[in-house]
Amino acid sequence: MRQEIVPIHSFECLTNEILELTFTSDYLASVAKPGQFINIRVDNNFPLLRRPFSIFNIDGNKISIVFNVIGTGTRVLAKKRKGDTIDILGPCGNDFLTFANGEYDTAIFVGGGIGVAPFPFLTKHFPSDKKITTYLGARHKELIVTKGLKNVNISTDDGSDGFHGTVLDLVKDDFKKHDYGKTRFFICGPTRMMKAVAEFANNRNSDCYASLETDMACGIGLCQGCNIETNGGTKKYALVCKEGTIFETRTVKLQ
Amino acid sequence: MIESFKLKNVEFKNRVLVASGTFGYGDEVSDLVDIGKLGGIVTKSLSMKPRDGNPNPRITETASGMLNSIGLANIGVEKFISDKIPVLRKHNTIIIANIAASSIEEYCSVLEMLEPLSGVHGFEINVSCPNVKEGGLSFGTDVKLVGRITKELRRRTQKPLIIKLTPNVTHISEFARVCESEGADAVSVINTLIGMSVNINARKPKIATTTGGLSGPAIKPIALAKVYETRNAVKIPVIGIGGICSWEDAVEFFIVGASMVQIGTANFVNPSTGITVAEGIKQYCQKNDIDDVGKIIGTLQTNKTISIIDSWL
């Protein structure tokens with residue numbers, strides 16, 4: 001893990017609401033794994049704390065993240081331009097590939113809204129002996145990003161793209177039509193969505209690995225602010241930044 | 001160029017420490033930070049038994065700061081001794097064990113367990129903890145209790161004893177005075193201020209415990225005033241804490257009377273802040289032909305002499 005000041009290489013609008021920001025770092029590109037995140041200080045003084053972002057893609061020494069403007073941090077970040085620098089700390093957290101090997105046929109990726117972020121990088125590096133089916137759900141079509149994904153199924157709350165309904169309803173509907181064999185779920189999105197999808201996955205005896213998001217100050221285990229309650233075990237709480245962000249959903253209480 | 005500072009029998013290589021609860025036990029950041037360049041590490045608060053800490057959410061960002069309510073989550077003193085001290089010893093810096101407790105007896109027991117260990121160079125006492133016997137009111141807001149804690153711990157240690165004071169009182173200097181008279185070697189000023197933040201859509205507090213401790217640049221002016229007040233009331237060294245992010249911030253604290261400083265919340269943003277602050281202080285002194293950082297301390301130029309207590313009444 002390193003702290004680096006890196007130049008912004010490019011900005012691209014993937015939809016009317018989602019931006020892809022690409023920067024360069026030889027170090028990060030050489031060590032980061034799918035599912036890990038970087039903690040970004042978007043500007044020198046304001047806001048004070050770093051903001052965590054999943055790694056969306058790595059191509060050569062170019063690393064990209066995606067975001068939509070939802071708060072102070074993303075608003076400041078959206079005003080950056082090519083050539084500006086950002087202060088990054090990473091890679092942080094565990095990664096999805098740790099959980100990718102095992103006895104199953106199909107990896108089921110489920111992304112809710114901007115929770116699509118880790119999946120293109122994961123798709124690129126996923127073990128080639130597994131099939132991948134991807135489900136994306138969002139409020140509307142401007143929040144759907146399919147870049148870098150495989151076998152994508154889409155749902156929107158307003159019906160503006162794909163299946164009209166929740167991503168879980170889409171998954172249920174699609175599972176009736178196809179036999180995916182033994183599955184393992186990899187999910188990221190709003191907690192309520194992840195809780196519902198995890199329940200579905202665990203009920204059909206699939207392991208389900210969820211990348212969680214909480215408010216974080218440091219992203220590296222110093223502040224102990226990002227705790228999540230565990231389901232038994234030796235400790236009452238785990239730290240999302242350091243022991244996660246990826247947890248098997250039976251081991252933590254998604255609330 | 002003298003950067004070091006001696007407190008009782010312990011020599012700190014410089015006057016910049018990292019504050020309790022903002023640097024773990026040093027092991028999380030050893031690949032990011034050259035810990036040996038810090039004046040010292042104040043450990044996370046240690047209690048007799050391990051503590052899980054508070055439910056989430058535990059933190060929230062506020063204007064130029066953050067609120068936290070971690071709930072003194074820690075591994076307990078026994079595990080600290082077996083697992084962390086051997087690692088900390090390798091860092092070539094001073095280790096100050098911060099102690100939190102829910103009774104005076106617990107403060108004493110934890111300190112007695114750590115006192116014989118050469119890997120612990122001194123103690124900082126977190127008195128901003130609920131006193132279980134007195135219905136959970138903080139020890140730190142009762143001047144008599146702070147005096148008793150200081151007295152009991154002083155009898156039990158030959159090492160530097162630092163009391164970390166809460167600003168959530170009317171006159172912090174009264175507390176510093178009682179610490180001094182009961183034998184403390186220094187006081188740390190200040191711990192976090194009680195604060196609150198509300199989610200207006202859910203109409204719920206943004207942290208699980210409703211109120212929490214405010215830290216970060218937002219509290220620096222308050223911390224400076226509290227250090228200034230304390231410095232004018234006691235002769236023992238004052239360790240300045242509160243929103244320090246840069247060497248300029250640290251120099252401000254020295255000028256108003258802090259003998260050392262601690263970096264807290266800034267570690268969450270830049271874990272190497274302590275080192276850049278220490279280097280900046282050194283360069284400031286060299287540039288201004290100051291041969292000892294100590295010569296800046298308490299050099300505030302004011303037009304009039306004021307009685308600190310009077311000015312706050």
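1. Let's start with one residue. B:Ser188 has a relative accessibility of 0%, so this serine counts as buried. Keep in mind that what you have here is a predicted model. Where does B:Ser188 lie in chain B? The residue belongs to strand β12, which covers residues 186-189.

2. Setting aside neighbours within four places in sequence, B:Ser188 is in contact with B:Glu124, B:Ile162, B:Ile163, B:Lys164, B:Leu165, B:Ile239, B:Ile241 and B:Gln262. With B:Glu124 there is also a polar contact, side chain to side chain, at 2.6 Å. As for B:Gly147, 41 residues away along the chain, its C-alpha atom is separated from that of B:Ser188 by 15 Å.

3. Next, zoom out to the sheet. Which strands make up the closed barrel of chain B? There are eight of them, in the order β3-β4-β7-β8-β11-β12-β17-β18, and the pairing is parallel. Ignoring direction, neighbouring strands of this sheet are turned against each other by 25° on average. As background, strands in a sheet pair through backbone hydrogen bonds, and they can do so in parallel or antiparallel fashion.

4. One pair of strands is handy for seeing this up close. Strand β7 (residues 94-99) and strand β8 (residues 122-126) of chain B run parallel and are joined by four bridges. Find B:Ile99 and look across: the residue standing opposite is B:Ile125, in β8(B).

5. Then come the helices. Helix α8 of chain B (residues 273-287) packs on the sheet, where it touches β3 (16-18) and β18 of chain B. The direction of helix α8 makes about 170° with that of β3(B). Helix α6 of chain B (residues 247-256) lies across β17 (238-241) and β18 (260-263) of chain B, and runs at about 145° to β18(B).

6. Over to the aromatic rings. How many aromatic pairs does the structure hold over all chains? The count is 17. A pair of rings is described by two things, the distance of the centres and the angle of the planes. For A:Phe109 and A:Phe119, the centres are 5.2 Å apart and the planes are at 25°, so this pair is stacked. A:Phe109 sits in strand β8 of chain A (residues 106-112) and A:Phe119 in helix α3 of chain A (residues 119-125), so the pair ties together parts that are ten residues apart in sequence.

7. Are those two phenylalanines buried or exposed? A:Phe109 is buried, with a relative accessible area of 0%, and A:Phe119 counts as buried at 0% too. They also belong to one aromatic cluster, together with A:Phe96, A:Phe99, A:Phe126, A:Phe186 and A:Tyr209.

8. Chain B has a pair worth checking as well. B:Tyr25 and B:Phe80 are both buried. Their ring centres are 5.7 Å apart with planes at 45°, so the pair is tilted. B:Tyr25 is in the loop between β3 and β4 (40-42) of chain B, while B:Phe80 is in helix α1 (residues 77-88) of chain B, so the pair ties together parts that are 55 residues apart in sequence.

9. A:Lys130 lies over the face of A:Tyr104, at 4.3 Å from the ring centre. Another case involves both chains: the charged end of B:Arg58 sits over the ring of A:Tyr237, 5.0 Å from its centre.

10. Please have a look at two cis peptide bonds in chain B. The bond from B:Asn56 to B:Pro57 is cis, with omega near -5°, and B:Pro57 is found in the loop between β4 and β5 (59-62) of chain B. The bond from B:Val189 to B:Ile190 is cis as well, with omega near 15°. B:Ile190 has its place in the loop between β12 and β13 (193-196) of chain B.

11. A:Asn205 is not a glycine, yet its phi is positive, at about 60°. This residue, A:Asn205, is in the loop between α5 (191-203) and β13 (208-211) of chain A, and its relative accessible area of 62% makes it exposed. B:Asn92 also has a positive phi, near 55°. B:Asn92 lies in the loop between α1 and β7 of chain B, and at 57% relative accessibility B:Asn92 counts as exposed.

Key
Residues numbered from 1 in each chain as written. Chains lettered and ligands numbered in written order. Predicted model: local features only at pLDDT ≥ 70, side-chain atom pairs only at ≥ 80, totals over all residues. Heavy atoms only, no water. Helix = DSSP H or I, 4+ residues; strand = E, 2+ residues; numbered from the N terminus. Buried < 20%, exposed > 50% of the residue type's maximum accessible area, 1.4 Å probe, protein only. Contact = heavy atoms within 4.5 Å. Polar contact = N/O pair within 3.5 Å; in protein donor to acceptor, adjacent residues only side chain to side chain. Pairing = 2+ DSSP bridges. Axes fitted to C-alpha atoms, helices over the stretch in contact; angles between N-to-C directions. Phe/Tyr/Trp six-rings, centres within 6.5 Å; stacked < 30°, edge-to-face > 60°. Lys NZ or Arg CZ within 6 Å of the ring centre and 35° of its normal.
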